[in-house]
Amino acid sequence: MSPALQSSPAKSRDAPRYGPVAIALHWLLALMILTSFCVGLSMTGLPFSPLRLKLYNWHKWAGITILALSAVRLLWRLSHPPPPLPAPIRSAMPGWQLAAHRGLHALLYLLFFAVPLLGWAYSSALGVPIVWLGVLPLPDFVPVDKDFAEAVLKPLHALGAFSLAAVAGVHAAAALKHHFIDRDGLLDRMSPFPHRNRLP
């Protein structure tokens with residue numbers, strides 16, 4: 001553990017936390033993205049059947065919901081800036097880690113929007129409209145072109161989904177490293193159940 005963190009464990013542990021809305025949006029989106037990714041992996045290998053159609057609809061509905069929640073989260077973040085990194089943690093992190101921290105969050109937000117939009121575009125280009133939750137028809141914003149859908153949009157959507165999974169995995173691994181190795185209390189800032197009284 002860094003000497004800077006050893007010298008100020010209480011400051012790290014008592015650092016300002018994210019607000020309840022930001023915490024709720026973070027974990028809700030994380031759960032929905034993980035579920036949607038798993039459904040996407042499982043449905044593509046199924047033969048044509050009512051189950052496959054149902055999973056495709058669920059996947060599309062989840063994607064639109066993720067897109068909407070991402071917009072809400074971005075607007076909330078812009079109007080409610082996140083708490084700064086605690087000084088002991090920031091001083092203990094080398095410059096490249098601070099740059100990676102900022103870059104990773106920016107890339108996550110980009111993929112939050114890009115992946116569902118590519119999925120929506122793919123469905124539009126196939127000529128298969130999305131009816132969110134079976135109630136709200138959504139407009140097609142890409143002309144019908146099945147060749148373009150299969151050759152370009154489908155692989156781009158898949159690439160985006162795997163990229164999002166990889167970046168989210170790195171984000172989770174970094175958070176766990178701070179929690180279990182550095183033990184600097186950083187994860188508690190976003191945890192629904194913070195451990196304020198954990199021993200250093």
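Pro-137 touches Ile-130 and Val-131, leaving aside residues up to four places away in sequence. This proline lies in strand E2, and at 58% relative accessibility Pro-137 counts as exposed, since the cut-off for that class is over 50%. Keep in mind that we're looking at a predicted model here.

Staying with the strands for a moment, let's turn to Leu-133. Leu-133 is found in the loop between strand E1 (131–132) and strand E2 (136–137). Its phi is near 60 degrees, a positive value in a residue other than glycine. Most residues other than glycine have a negative phi. As for solvent, Leu-133 is partly exposed, with a relative accessible area of 47%.

Which other residue has a positive phi of about 50 degrees although it is not a glycine? That's Arg-183, which lies in the segment after H7. Arg-183 counts as partly exposed, at 36% relative accessibility.

Now for the overall layout. The chain has seven helices and two strands, and read along the sequence they follow the pattern α-α-α-α-α-α-β-β-α. Of the chain's 200 residues, 36% count as buried. The chain exposes about 11500 Å², and carbon and sulfur atoms supply 74% of that area. Then there's the contact pattern: take the contacts between residues at least 6 apart in sequence, and 70% of them join residues at least 24 apart.

On to the helix packing.

| Helix pair | Angle between axes | Axis separation |
|---|---|---|
| H3 (residues 20–43) and H7 (residues 146–182) | about 135 degrees | 11 Å |
| H6 (residues 95–126) and H7 | about 150 degrees | 8 Å |
| H3 and H4 (residues 50–79) | roughly 155 degrees | within 9 Å |

Let's take H3 and H7 to begin with. They pack at an angle of about 135 degrees, with their axes 11 Å apart. That angle makes H3 oblique to H7. H3 passes H7 in a left-handed crossing. On the H3 side, the contact is made by His-26, Ile-33, Phe-37 and Leu-41, and H7 brings Ala-161, Phe-162, Leu-164, Ala-165 and His-171. Sorted by class, this contact has seven nonpolar and two polar residues, with no charged residues.

What about H6 against H7: why are these two helices called roughly antiparallel? Their packing angle is about 150 degrees, and angles over 145 count as roughly antiparallel, so H6 and H7 fall in that class. H6 passes H7 in a left-handed crossing. The contact of H6 with H7 has 19 nonpolar, seven polar and four charged residues.

H3 has another partner in H4. The axes of H3 and H4 come within 9 Å and cross at roughly 155 degrees, and the two helices are therefore roughly antiparallel to each other. The crossing of H3 and H4 is left-handed. By class, their contact has 16 nonpolar, seven polar and two charged residues.

Glu-150 lies in helix H7 and is partly exposed, with a relative accessible area of 39%. Which residues does Glu-150 contact, leaving aside its neighbours within four places in sequence? Tyr-122, Leu-126 and Pro-155 are in contact with Glu-150. Leu-126 is 24 residues from Glu-150 in sequence, and the C-alpha atoms of the two are 8.2 Å apart in space.

Finally, Asp-188. Like Arg-183, Asp-188 is found in the segment after H7. Is Asp-188 buried or exposed? Asp-188 is buried, with a relative accessible area of 4%, where the cut-off for buried is under 20%. Asp-188 and Tyr-18 are 170 residues apart along the chain, and their C-alpha atoms are separated by 9.3 Å.

Terms used:
Residues are numbered from 1 along each chain as its sequence is written. This is a predicted model: local features need pLDDT of at least 70, side-chain atom pairs count only at pLDDT 80 or more; totals for chains, interfaces and linings use all residues. Side-chain values use heavy atoms; hydrogens and water are left out. Axes are lines fitted to C-alpha atoms, for helices over the stretch in contact, and angles run from 0 to 180 degrees between N-to-C directions. Helices (H or I, at least four residues) and strands (E, at least two) are DSSP runs, numbered from the N terminus. Angles under 35 degrees count as roughly parallel, over 145 as roughly antiparallel, 65 to 115 as roughly perpendicular and the rest as oblique. A crossing is left-handed if the near helix is turned anticlockwise from the far one by less than a right angle, and right-handed if clockwise. Contact means heavy atoms within 4.5 Å. Ala, Val, Leu, Ile, Met, Phe, Trp, Tyr, Cys and Pro count as nonpolar, Asp, Glu, Lys and Arg as charged, and the others, Gly among them, as polar. Buried means under 20% relative accessible area, exposed over 50%, partly exposed in between (1.4 Å probe, protein chains only). Accessible areas come from the Shrake-Rupley method with a 1.4 Å probe; for residues, only the protein chains shown count as cover.
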